[in-house]
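Dear colleague,

I am passing on the structure we spoke about, with the sequence alongside.

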Amino acid sequence: MLPWSAELAGRLDHNVIDSALLRGNPLGDPHERPLLVYVPPGYDDTPERRYPSIYVLLGYTGHVTMWLNRAPFRRPYPELADEVFAGGDVPPAIVVYVDAWTALGGSQYLDSPGTGRYHSYLRDEVVPWVDAHYRTIADRDHRAVTGKSSGGYGAMVTAMLAPDVFGALATHAGDALFEVSARVSFPGLARRLRDMYDGSYDKFLADFRGRLAGTKEGDLELLEMYAYAAAYSADDDGTVHLPFDDTGAVVPEVWQRWLARDPVVMAAEPRHAEALRSMRAIWVDAGNKDEYFLDFGAVAFHRALEAAGVPDERVYFQLFDAGHGAIEYRYPLALAWLAQRLD
């Protein structure tokens with residue numbers, strides 16, 4: 001009972017996937033991964049019916065069981081998602097909560113020699129597993145990918161990299177427009193590295209892993225930057241290259257590798273523009289007070305969709321009055337919108 005828990009109209013299953021693709025990953029992270037799958041009301045009573053599926057990706061530092069955390073005066077997303085379908089006004093869908101956590105706090109849902117094959121894991125293992133174990137409509141026109149922040153980034157790039165698997169997406173303040181959202185942090189991080197760790201990320205990582213996380217100023221900011229570099233600019237041998245030098249200035253050859261992973265830049269490439277034009281529905285939003293300037297990223301990605309020729313009637317775009325942390329209340333709106341378009 002509330003405020004401790006709520007009875008669902010549907011059902012939330014706790015599963016585990018044994019991933020062949022994540023075995024032996026560079027960070028030594030588990031290859032067995034939890035996977036939460038929600039089935040809507042009536043699923044068990046109509047064995048002949050099949051359902052669209054909507055995949056939900058977490059932001060940086062997120063792991064899948066955090067969806068069950070109950071913050072004061074708020075309800076966790078699985079309960080809000082259940083409420084979307086409980087009234088019967090929204091076409092039912094299966095909702096899949098994906099885990100792509102790493103020891104660095106995240107993977108950006110990409111394949112990288114610095115972190116592991118997380119894009120392939122989602123595309124080639126998670127989706128087929130769900131289709132095999134649940135009564136999905138197993139085609140891209142009835143499958144969407146969604147997320148916030150790094151999860152929103154994952155939704156954008158996954159849709160562009162795997163348009164044969166996903167036919168719709170929703171991004172809530174997804175990482176984009178790196179020239180604005182990422183580059184601004186380089187001087188401050190370079191200063192912290194210089195003043196606290198003699199400019200050495202190796203010293204930072206050794207110190208961070210030897211104590212309670214978050215007990216020194218800048219812990220998560222430094223780790224986050226390294227996680228992004230591991231995802232965007234790692235060599236084949238796993239060597240991670242930072243996009244800035246000891247003065248905080250951009251390292252051009254590394255920065256170009258980052259920009260190649262920027263959804264705004266990717267959307268201008270012909271094959272990715274074609275993928276975006278094939279989407280049945282695209283939701284883009286962000287708070288106009290986003291602390292990471294991801295509202296500008298949302299605007300730039302929306303403009304990239306227009307430039308790519310995505311029809312306006314397939315796109316929902318909005319900036320709303322909030323910062324980065326308040327965007328969760330938008331999840332159910334996008335979920336209902338997508339479910340109606342995947343039906």
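Which residue in β7 is the bridge partner of S53? In this model, which is predicted, the partner of S53 is R143, and the strands concerned, β3 and β7 (residues 143–148), run parallel and are joined by 5 bridges.

That pairing belongs to an open sheet of 8 strands, ordered β1-β2-β4-β3-β7-β8-β9-β10 and mixed in its pairing. At its edges lie β1 (11–18) and β10 (315–320), each of which pairs on one side only, and from one strand to the next the twist averages 15°.

On one side, β2 (residues 32–39) pairs with β4 in the antiparallel sense over 3 bridges, with Y38 standing opposite V95. On the other, β3 (residues 53–57) runs parallel to β4 and is joined to it by 5 bridges, L57 having V98 as its bridge partner. Between β3 and β4 the chain passes through helix α1 (residues 77–86), in a β-α-β crossover that is right-handed. Helix α1 packs on the sheet, where it touches β1, β2, β3 and β4, and its direction makes about 165° with that of β4.

As for burial, β4 (residues 94–98) is largely enclosed by the rest of the structure, because 5 of its 5 residues are buried. In a regular strand, side chains alternate between the two faces of the sheet. Here I94, V96 and V98 point one way from β4, while V95 and Y97 point the other way, and all are buried.

With best wishes

Methods. Residues are numbered from 1 along each chain as its sequence is written. This is a predicted model: local features need pLDDT of at least 70, side-chain atom pairs count only at pLDDT 80 or more; totals for chains, interfaces and linings use all residues. Side-chain values use heavy atoms; hydrogens and water are left out. Buried means under 20% relative accessible area, exposed over 50%, partly exposed in between (1.4 Å probe, protein chains only). Helices (H or I, at least four residues) and strands (E, at least two) are DSSP runs, numbered from the N terminus. Two strands pair if DSSP finds at least two bridges between them. A crossover is right-handed if, with the strands pointing away from the viewer, the path from the first strand over the helix to the second runs clockwise. Axes are lines fitted to C-alpha atoms, for helices over the stretch in contact, and angles run from 0 to 180 degrees between N-to-C directions. Contact means heavy atoms within 4.5 Å.
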